[in-house]
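Here are my notes on the model, as numbered points. They take salt bridges, domains and chain interfaces in turn.

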Protein chains: 4
Amino acid sequence: MTQTDTLLSLFTETRGYTEKLCKPLEIEDYVVQPIMDVSPPKWHLGHTTWFYEEFILKHFKKDYKLFHKDFAFVFNSYYESVGKRVVRSDRGNMSRPGVAKVYDYRHYVTNEIKELLTSKISKEVEELLLMGIHHEKQHQELLTTDIKYILGNNPLLPKYSTDFSENKITTIDQEWISIAEGIYQIGHSDKNTFHYDNEVNRHKVYLQKYSISNTLVTNEEYLEFINDGGYKDFNFWHADAWEWLSESNITRPMYWHTIDGEWYQYTLQGLQKLDPEAPLSHISYYEAFAFAQWKGCRLPTEFEWEAAQANFKWGNRWEWTESAYLPYPGYTKAPGAIGEYNGKFMVNQKVLRGGSVATAPKHTRHTYRNFFQPELRWQFTGVRLAK
Amino acid sequence: MTQTDTLLSLFTETRGYTEKLCKPLEIEDYVVQPIMDVSPPKWHLGHTTWFYEEFILKHFKKDYKLFHKDFAFVFNSYYESVGKRVVRSDRGNMSRPGVAKVYDYRHYVTNEIKELLTSKISKEVEELLLMGIHHEKQHQELLTTDIKYILGNNPLLPKYSTDFSENKITTIDQEWISIAEGIYQIGHSDKNTFHYDNEVNRHKVYLQKYSISNTLVTNEEYLEFINDGGYKDFNFWHADAWEWLSESNITRPMYWHTIDGEWYQYTLQGLQKLDPEAPLSHISYYEAFAFAQWKGCRLPTEFEWEAAQANFKWGNRWEWTESAYLPYPGYTKAPGAIGEYNGKFMVNQKVLRGGSVATAPKHTRHTYRNFFQPELRWQFTGVRLAK
Amino acid sequence: MTQTDTLLSLFTETRGYTEKLCKPLEIEDYVVQPIMDVSPPKWHLGHTTWFYEEFILKHFKKDYKLFHKDFAFVFNSYYESVGKRVVRSDRGNMSRPGVAKVYDYRHYVTNEIKELLTSKISKEVEELLLMGIHHEKQHQELLTTDIKYILGNNPLLPKYSTDFSENKITTIDQEWISIAEGIYQIGHSDKNTFHYDNEVNRHKVYLQKYSISNTLVTNEEYLEFINDGGYKDFNFWHADAWEWLSESNITRPMYWHTIDGEWYQYTLQGLQKLDPEAPLSHISYYEAFAFAQWKGCRLPTEFEWEAAQANFKWGNRWEWTESAYLPYPGYTKAPGAIGEYNGKFMVNQKVLRGGSVATAPKHTRHTYRNFFQPELRWQFTGVRLAK
Amino acid sequence: MTQTDTLLSLFTETRGYTEKLCKPLEIEDYVVQPIMDVSPPKWHLGHTTWFYEEFILKHFKKDYKLFHKDFAFVFNSYYESVGKRVVRSDRGNMSRPGVAKVYDYRHYVTNEIKELLTSKISKEVEELLLMGIHHEKQHQELLTTDIKYILGNNPLLPKYSTDFSENKITTIDQEWISIAEGIYQIGHSDKNTFHYDNEVNRHKVYLQKYSISNTLVTNEEYLEFINDGGYKDFNFWHADAWEWLSESNITRPMYWHTIDGEWYQYTLQGLQKLDPEAPLSHISYYEAFAFAQWKGCRLPTEFEWEAAQANFKWGNRWEWTESAYLPYPGYTKAPGAIGEYNGKFMVNQKVLRGGSVATAPKHTRHTYRNFFQPELRWQFTGVRLAK
């Protein structure tokens with residue numbers, strides 16, 4: 001296969017996968033935005049499409065005709081460079097364009113990109129397309145967690161799909177992996193494979209001796225923390241976290257319920273008894289940190305995680321690290337709108353490593369850096385301890 | 001026709017009219033709640049249905065089986081007496097129950113009520129049913145204005161229906177109607193026709209001599225106010241209004257746009273050139289008051305309005321009055337949940353009189369008292385001057 | 001005594017009385033503003049002084065030299081007509097001008113006014129001066145209640161003065177005064193005695209037959225309401241009030257404390273055991289209304305109050321009425337800044353009648369209309385029932 | 001001198017220095033809290049005193065009698081371990097205890113500590129006392145910047161003292177200091193000298209080759225940034241910063257004014273013409289970062305700063321670094337309340353290095369880590385560039 005064929009195949013597969021994720025939805029599910037962080041599914045469908053239109057078709061396809069003059073306004077997320085946009089909190093207030101129209105938009109743009117790929121494309125377009133595809137893969141993850149939020153916070157607690165199993169249980173015994181003190185190489189190394197600008201430059205980091213767990217913290221372990229009064233003892237919490245707790249009245253992970261004294265968990269398969277052996281999920285960094293404190297351990301830094309990751313299995317839960325999201329040495333952002341992709345978020349966020357059950361196929365790698373504000377819980381976040 | 005036949009016919013007609021209003025909607029339009037005051041159309045459909053279920057079927061239909069155990073939670077609006085409910089701001093966050101399910105609910109309850117009417121019903125049930133019907137008629141009005149808000153605040157400004165004409169122009173010349181000083185009877189007089197508890201007791205009010213306009217203020221007159229700097233001169237405004245203006249950056253009625261120096265107005269028929277002769281609409285009490293101040297006039301009280309109303313045409317715009325919404329002498333609220341219908345809102349609101357193009361058929365009368373907070377604008381509110 | 005002598009004497013007495021009220025304060029007490037509604041005592045001292053400077057001295061005293069060029073900015077309250085001002089919420093953030101400086105300002109302006117009065121003054125100046133004096137008397141009341149708030153919300157609960165007795169007990173038995181249906185004259189009648197523009201025009205009001213209590217509700221009666229679960233039963237409350245209760249966690253009048261199961265009340269004489277026979281105070285309109293509902297009674301309208309007032313004693317508590325604060329027939333506001341005194345507040349407020357232990361000498365009259373938002377409690381507000 | 005003599009002398013000097021800083025204040029200046037981050041000077045006086053009482057006298061002085069039973073409630077800052085406290089936002093609402101009383105409290109506790117030092121004290125008490133002294137020194141810095149905020153945000157812009165010169169001009173030319181790639185030791189090394197728990201463990205860090213400026217950014221350089229539209233170009237700003245800018249309308253450093261087209265700066269000596277050669281101050285991390293972006297440089301990490309600091313002069317401005325405030329390897333917090341000193345703030349803050357003109361004598365060292373939220377500006381913050 002030629003390079004273009006590979007790209008076309010990756011593009012087609014990715015476009016299809018997004019739509020497949022939406023199959024179980026009713027039309028109404030595409031529309032709502034119960035909290036600021038969650039976007040309506042139809043917005044994800046439109047936004048990932050707009051990305052190709054805005055950054056590729058408009059500039060590189062001859063005589064390209066916009067699908068609709070107002071869609072840039074409707075589907076731009078946060079790119080200041082490319083003009084005004086619907087404020088984030090309004091995404092769920094827009095009934096139009098409707099779902100059918102958004103699918104029309106998708107198919108129009110998908111076909112236009114395919115047509116573009118029938119001729120030879122420049123290196124620049126190739127890179128932008130690859131970026132667009134990976135951008136869409138990132139949104140596939142958000143789409144899944146946003147759908148979970150929409151259904152899991154509905155009073156009727158509807159199922160998404162019986163096929164989607166969140167909780168892959170490991171039967172491995174917990175062990176501590178020891179890592180020696182010394183210099184480690186961190187960051188993406190192969191310039192020819194896809195990666196974001198925040199994964200380079202690859203650079204040396206000096207690590208002290210440490211141990212890291214080969215397994216993730218389970219629901220059962222976290223229940224012990226709850227039962228031991230973990231949410232009521234300020235000693236385990238950051239000052240900001242303690243304030244957040246008192247304002248939000250949070251006393252358990254997101255999606256946990258008690259019914260007649262029994263613990264339940266809403267999953268994409270519906271409400272289920274809490275599985276004690278399943279890896280903990282839907283906790284904030286604040287809770288991850290407090291749990292680690294209670295346990296007499298700590299969270300690993302992202303460098304410790306990366307240096308050790310070959311020694312354990314990962315990929316079911318995004319794992320909170322102790323690291324703040326900061327640029328690597330020598331980081332420079334790309335010129336233009338693409339430069340807004342990562343750099344401008346490098347403050348007030350924590351790094352997560354690993355990937356989750358919601359991560360798109362071919363989208364994880366050990367240098368991948370995800371990042372969220374420390375109070376957020378709607379991703380499939382988990383905890384791996386270090387000491 | 002017997003009394004029961006009349007009721008059945010009124011009920012059937014009302015149920016049908018609500019659904020007719022929703023015909024032009026796409027499924028997505030049923031779901032959203034762009035501001036707190038606006039409810040999603042599917043919520044209106046469900047709530048008006050729940051009202052019959054909660055207050056009639058549950059208590060008076062033998063062996064009545066609830067359509068769904070959670071719908072009381074989902075569709076209760078503000079009745080503290082009948083249990084917990086979804087908080088108002090969450091109505092637009094619920095994709096489920098979906099539109100089809102809500103229609104199923106409607107048809108189920110409609111049929112159950114019809115079945116109930118095949119036997120003789122008590123006076124109590126008759127009154128509750130009449131209340132339910134008029135309750136649904138009130139929601140028809142809200143449904144219309146909520147649909148306008150949903151479509152008219154969408155960046156694509158979609159039409160609702162080309163059949164719905166908002167602006168019925170009067171060709172009558174403006175004149176001042178003089179009303180003599182003296183005692184006037186105010187409030188609903190006929191105990192046998194339907195009315196709300198806030199329209200009685202009928203009582204005497206002493207009015208000073210006054211004049212009231214036979215016509216409503218037009219867009220053209222309001223444009224003069226705008227062009228004369230009316231929104232920038234604090235002298236015309238209440239202190240609360242002046243603060244509201246500075247926080248909201250409001251400089252014109254809702255739905256007014258300027259495009260290339262021309263004035264446009266979003267209507268249910270889509271965006272149109274502003275019609276200078278059409279009656280002004282979508283202004284808050286604050287704006288109505290400021291306009292009157294600027295004009296050297298004032299708003300009538302609700303008593304002045306009622307005493308004079310036989311002398312002019314009304315019914316296209318809800319007309320702001322200077323009166324605060326307060327109980328009439330001898331007002332007592334009904335026992336139980338129905339008592340929550342009106343009484344508990346009798347503070348911090350202003351009275352509107354008349355009815356509007358969105359008011360349901362057979363729903364206006366000259367003693368009807370509508371009421372809203374002074375800053376609200378999404379109803380078809382208008383201004384009639386007095387002096 | 002000539003008219004000017006009388007004015008001078010009233011002016012001198014009023015200026016002195018304001019300063020006398022501040023005698024028991026420590027310097028620190030002059031500075032703070034614990035809530036938006038409360039102003040720092042030094043601000044009251046300066047603002048009442050600025051009023052004479054701004055509206056009289058600047059315009060009518062030849063070669064008048066401003067005490068300080070920035071004081072208009074610092075001490076203007078809400079007069080849009082006379083320029084920019086410190087935002088209300090910042091009053092307690094300003095340590096300067098210091099207390100000594102503010103007293104210098106007072107003495108300077110007092111002397112300038114006295115000097116002005118050595119010559120003959122015009123009718124206009126005379127009226128403005130009378131307005132200034134009554135304005136200062138209004139602030140004396142606020143000064144007292146603001147001082148109570150400042151000290152009574154301090155964790156050390158310091159006394160203001162042992163001389164200030166809030167609770168004048170009446171030994172009269174409660175009785176219902178019957179008032180006949182008919183036309184009553186309402187509003188200020190004597191054009192030659194001082195009154196505000198909101199007390200006129202004197203006009204006819206038609207009242208239905210009603211009864212009004214000759215006594216105020218006592219602490220003991222209100223305790224029964226509390227003990228009967230009055231704060232927990234939504235049936236007694238307006239919808240807005242119920243929301244206010246749940247947000248504020250209010251369960252008792254302001255300044256009431258329970259210590260070891262006993263009820264205490266902070267008074268200007270310090271913390272004291274709650275006197276069951278003393279008239280209830282420091283409740284919002286919402287609470288007054290709910291109490292009346294629970295009692296099977298209602299609050300009087302301001303017209304009912306005024307028509308009946310000659311039949312009972314009043315003056316210890318400001319009495320909440322059911323009336324919204326609205327203009328009387330024929331109300332017109334004065335031109336210029338003085339026109340901002342009353343008119344612009346005629347929305348979203350309730351009328352209080354009577355006067356309180358904090359009201360300045362010679363400042364009450366039976367046509368006086370005080371007004372506050374329905375949730376406010378820091379005035380010496382009370383309840384008189386009607387039915 | 002014995003160790004105890006040294007401690008006594010350090011203690012006495014520190015207590016005296018706090019009071020000396022307050023000398024120029026009027027009583028009113030001690031009371032106010034114009035923003036949450038700023039505490040009233042009398043609160044600093046009381047809080048630094050309470051620290052010795054709570055952690056030393058109560059536990060280690062035989063028969064110690066509390067000065068006042070409620071002062072722990074009033075003067076506790078954020079120690080959850082030692083009971084309830086006045087919420088931070090209420091500090092400026094408390095006129096009592098008055099300034100004289102707070103000085104009485106100071107002298108009482110100062111004397112009690114001195115008396116304690118007449119006998120031999122344990123190692124534990126010695127360490128707590130040293131902690132208390134350094135705690136007070138930290139508050140001396142805050143006291144100075146809080147006083148500046150209180151006076152510098154007053155509309156009268158009063159001077160603090162003509163003796164306090166903020167702007168020590170350097171005549172050194174700007175140069176780039178090159179630092180070689182390699183391993184560097186970071187953190188406090190001498191266990192016997194005072195340091196906070198956040199400065200250890202001393203550990204190895206691998207640094208890439210970098211350059212760091214020998215001078216601080218000046219006002220003149222920052223003016224160029226402003227004049228070049230730096231505040232209006234989103235490209236230089238973090239997403240959070242851009243939002244912060246649009247909400248706060250910030251367009252210049254704190255304390256900068258334009259009068260008739262000229263730039264002025266409020267300093268503790270009063271309003272002065274902006275000195276172009278003085279080191280920039282009172283900018284947030286967000287602004288520091290944006291400036292560096294505009295300049296094509298970046299901020300150093302705290303490790304880069306520490307590794308290079310012997311090569312340049314520092315101490316006039318706290319210097320923002322790119323580093324998030326995080327624990328060093330092996331960090332453990334002390335048991336009990338003292339453990340709340342640093343650890344619980346290790347999230348959502350940025351590290352500052354160096355010290356400022358407000359830093360207390362003997363309080364800076366090159367391993368010292370200060371930390372603030374990225375939007376704060378009231379400290380004497382500055383910028384040193386790296387690349």
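1. A salt bridge here is a side-chain nitrogen of Lys or Arg within 4 Å of a carboxyl oxygen of Asp or Glu. The model is predicted, and side-chain atom pairs count only at pLDDT 80 or more. By that rule, the structure holds 92 salt bridges over all chains.

2. In chain B, Glu262(B) and Lys273(B) form one such pair, with their closest N and O atoms 3.2 Å apart. Glu262(B) belongs to strand S6 (residues 262-267) and Lys273(B) to strand S7 (residues 270-273) of chain B, so the pair ties together parts that are 11 residues apart in sequence. How accessible is Glu262(B)? Glu262(B) is partly exposed, with a relative accessible area of 37%. Lys273(B) is also partly exposed, at 49%.

3. Another pair in chain B joins Lys344(B) to Glu340(B), and here the closest N and O atoms are 2.6 Å apart. Buried means under 20% relative accessible area. Lys344(B) counts as buried at 9% relative accessibility, and Glu340(B) is buried at 4%.

4. In chain C, the side chains of Glu319(C) and Arg384(C) meet in a salt bridge of 2.7 Å, N to O. The pair links distant parts of the chain: Glu319(C) sits in strand S8 (residues 318-324), while Arg384(C) sits in the segment after strand S11 (381-382), 65 residues apart. Glu319(C) counts as buried at 1% relative accessibility. Arg384(C) is buried too, with a relative accessible area of 0%.

5. Chain A contains a network of salt bridges that share partners. Its members are Arg15(A), Glu19(A), Arg106(A) and Glu136(A). Side chains of opposite charge can pair when their charged atoms come close.

6. Chain A is divided into domain 1 (3-152) and domain 2 (176-382). The C-alpha centres of domain 1 and domain 2 of chain A lie 27 Å apart. The two domains are in contact through 29 residues of domain 1 and 30 residues of domain 2. About 2,700 Å² is buried between domain 1 and domain 2 of chain A, and carbon and sulfur atoms give 64% of that area.

7. How many salt bridges are counted between domain 1 and domain 2 of chain A? The count is one salt bridge. Lys362(A) forms a salt bridge with Glu13(A), the closest N and O atoms being 3.3 Å apart. Across the interface of the two domains of chain A, the rule finds 17 residue pairs in polar contact.

8. On the side of domain 1 of chain A that touches domain 2, the elements giving two or more residues are helix H1 (3-22), helix H2 (41-60) and helix H5 (123-152). H5(A) supplies the largest share of this side, 17 residues. By class, this side of domain 1 has 14 nonpolar, eight polar and seven charged residues.

9. Turning to contacts between chains, 29 residues of chain A are in contact with 29 residues of chain B. Chain A and chain B bury about 2,300 Å² between them, with 59% of it on carbon and sulfur atoms. Within chain A, the residues that lose the most area to chain B are Glu28(A), Arg96(A) and Leu156(A), together 31% of what that side buries.

10. Between chain A and chain B the count is four salt bridges. Glu26(A) forms a salt bridge with Arg96(B), the closest N and O atoms being 3.9 Å apart. Eight residue pairs in polar contact are also counted between chain A and chain B.

11. Which elements give two or more residues to the side of chain A that touches chain B? They are helix H3 (71-75), helix H4 (99-116) and H5 of chain A. The largest share of this side, three residues, comes from H3(A). By class, the side of chain A that touches chain B has 17 nonpolar, seven polar and five charged residues.

12. Two chain pairs have no contact. Chain A and chain C do not touch, and their nearest C-alpha atoms are 13 Å apart. No contact joins chain B and chain D, whose closest C-alpha atoms lie 13 Å apart.

How values were computed. Residues numbered from 1 in each chain as written. Chains lettered and ligands numbered in written order. Predicted model: local features only at pLDDT ≥ 70, side-chain atom pairs only at ≥ 80, totals over all residues. Heavy atoms only, no water. Domains from an automatic or database assignment. Contact = heavy atoms within 4.5 Å. Buried area = accessible area lost by both parts, 1.4 Å probe. Polar contact = N/O pair within 3.5 Å; in protein donor to acceptor, adjacent residues only side chain to side chain. Helix = DSSP H or I, 4+ residues; strand = E, 2+ residues; numbered from the N terminus. Nonpolar A, V, L, I, M, F, W, Y, C, P; charged D, E, K, R; others polar. Buried < 20%, exposed > 50% of the residue type's maximum accessible area, 1.4 Å probe, protein only.
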